[in-house]
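Q: Can we walk through a structure together? I'd like to start with a pocket and then move on to other parts.

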Amino acid sequence: MTDQTVFPKPLKAAYHTFGCKLNFAETASVADAFARNGVLNAADGETPDIIVVNSCSVTAEADRKCRSAIRSFNRRYPEALIVVTGCYAQLKPDEVSSLPGVGVVAGINDKLALVKLTRDYLSGQAAPAVSDAKELRDFMPSCSRGDRTRYFLKVQDGCDYWCTYCTIPKARGRSRSGTIDQLVAQAEEAAAADGKEIVITGVNIGDFGHGREDTFLDLCRALDRVDGIERYRISSIEPNLLTDGIIDFVGESQRFMPHFHIPLQCGDDEVLALMRRRYDTALFASKIDHIRKVLPDAFIGVDLIVGARGETDERFESSRNFVESLDISHLHVFAYSERPGTRALQIGHSVSQEEKHRRSAIMMKISADKHAGFARRFIGTVRPVLLEHSRHGHPLGGFTDNYLRVETQLDPSYDNTLAAMRLDTLKDDGETIAASPARQ
């Protein structure tokens with residue numbers, strides 16, 4: 001069934017996504033909506049009539065990359081209509097609309113209305129103004145895989161935390177989520193389409209069910225009963241919302257993978273207080289310890305911000321020492337970025353760009369060492385791998401249950417299949433493992 005949106009002529013569209021897994025999930029849903037209405041995906045080498053940019057605004061650098069991409073698209077395809085949605089569009093619609101080639105600017109809750117907004121624009125109708133994030137109340141569902149093997153199931157949107165450095169609540173609005181019945185039905189549809197793995201995503205997924213009696217753990221238990229889905233992964237979840245009950249459940253489940261992604265942001269309690277985070281290092285360390293007790297082979301990724309306001313040299317060293325003490329697998333390191341309108345700008349002691357780069361390099365070296373050390377633990381072992389189609393000219397790849405990236409010489413017919421793979425050697429990047437089929 002289509003959305004009954006008629007375009008004046010056959011059109012082709014290209015899609016470009018910045019930012020988080022949630023954005024990728026929503027872009028896939030947008031592309032599906034255009035396809036249902038007869039808009040084809042522009043193949044490589046083809047000239048698109050429409051370019052949809054799903055933007056990010058988590059840092060000033062994210063804004064810059066979005067602007068640069070839009071200008072580049074306009075130079076390459078001057079006749080194409082550029083449609084921009086996402087957090088950058090939500091926060092700075094006037095700035096986005098002034099960029100060359102941009103005709104439609106849509107806020108967060110208008111992503112699934114992009115087909116109609118685009119049709120209206122091409123028919124000469126003015127696009128509505130972007131709604132203030134305070135007015136965002138509806139949950140926009142999304143469960144899509146696009147050209148990926150795994151599905152991304154959006155279960156929650158928005159955030160009520162208001163950390164001092166963050167603009168996400170201004171962009172995404174208040175916390176809201178789908179119902180368990182609605183999300184289980186979407187997982188069942190993914191299974192019927194031969195989906196093997198679902199990544200559970202959102203802005204603050206541990207806050208699922210906010211304002212209701214059901215919880216994120218209730219959702220996980222319900223999804224665990226869906227026939228056909230062989231793997232679930234929990235995307236980023238706040239440490240204060242990652243309960244021991246959730247960890248224990250993952251330890252007992254055959255479908256929820258031993259893989260956690262937990263934002264730390266800083267390993268110093270004084271900086272955490274300045275950030276208005278809702279935990280301290282003791283609580284964070286206790287979560288890592290409990291994961292290792294229940295799931296000793298689990299992959300644990302951690303988000304970290306360096307150079308935040310208030311992070312003195314002494315506090316950075318405190319953070320560095322804490323991070324080094326953690327039994328984790330990987331760090332996602334971000335340099336702090338000043339965001340207009342955030343309360344962080346009221347905090348004293350700013351860090352120079354040069355010092356942010358130095359601190360980033362230190363933390364990324366720690367990450368590389370931890371990731372390589374974690375990967376080496378499994379060389380010579382056999383792990384289940386969900387194999388995925390590769391880019392042209394690259395070998396078939398995939399991830400183990402505990403999120404180790406592997407490459408294999410198996411042919412493309414193994415795409416979207418689970419296989420027992422022997423992990424043979426760690427490649428020079430310190431992250432990818434060459435693997436071969438395990439003997440039966």
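Q: Which elements each supply at least two residues of the lining of the second largest pocket?
A: In this predicted model, the elements that each supply at least two lining residues are α1 (21-36), β6 (142-144) and α7 (180-192).

Q: And which one gives the most?
A: That is α1, which contributes four residues to the lining of the second largest pocket.

Q: What volume does the second largest pocket have, and which residues are closest to its centre?
A: The volume of the second largest pocket is about 300 Å³, and of the 13 residues that line it, S29, D32, C143, S144 and Q186 are the closest to the centre.

Q: How do the residues of that lining divide?
A: The lining of the second largest pocket has six nonpolar, four polar and three charged residues.

Q: Back to α7, then: at what angle do the axes of α7 and α8 cross?
A: The axes of α7 and α8 (residues 216-223) cross at roughly 35° and come within 10 Å, and the crossing is right-handed.

Q: Which residues make the contact?
A: From α7 there are I180, L183, V184 and A187, and from α8 there are D218, L219, A222 and L223; these residues of the contact divide into seven nonpolar, no polar and one charged.

Q: New topic: where is R276 found, and what is its phi?
A: R276 is found in the loop between α10 (269-275) and α11 (281-294), and its phi is near 60°, a positive value in a residue other than glycine.

Q: Why does R276 count as partly exposed?
A: R276 counts as partly exposed because its relative accessibility is 45%, and partly exposed covers what lies between under 20% for buried and over 50% for exposed.

Definitions and conventions
Residues are numbered from 1 along each chain as its sequence is written. This is a predicted model: local features need pLDDT of at least 70, side-chain atom pairs count only at pLDDT 80 or more; totals for chains, interfaces and linings use all residues. Side-chain values use heavy atoms; hydrogens and water are left out. On a 1 Å grid over the protein atoms alone, a cavity is a set of points where a 1.4 Å probe fits but cannot get out, and a pocket is an open set with protein on both sides within 12 Å along at least five of seven lines; lining residues have an atom within 4 Å of a point. Grid points are joined across faces, edges and corners, and a volume is the space filled by probe spheres set on the points. Ala, Val, Leu, Ile, Met, Phe, Trp, Tyr, Cys and Pro count as nonpolar, Asp, Glu, Lys and Arg as charged, and the others, Gly among them, as polar. Axes are lines fitted to C-alpha atoms, for helices over the stretch in contact, and angles run from 0 to 180 degrees between N-to-C directions. A crossing is left-handed if the near helix is turned anticlockwise from the far one by less than a right angle, and right-handed if clockwise. Contact means heavy atoms within 4.5 Å. Buried means under 20% relative accessible area, exposed over 50%, partly exposed in between (1.4 Å probe, protein chains only).
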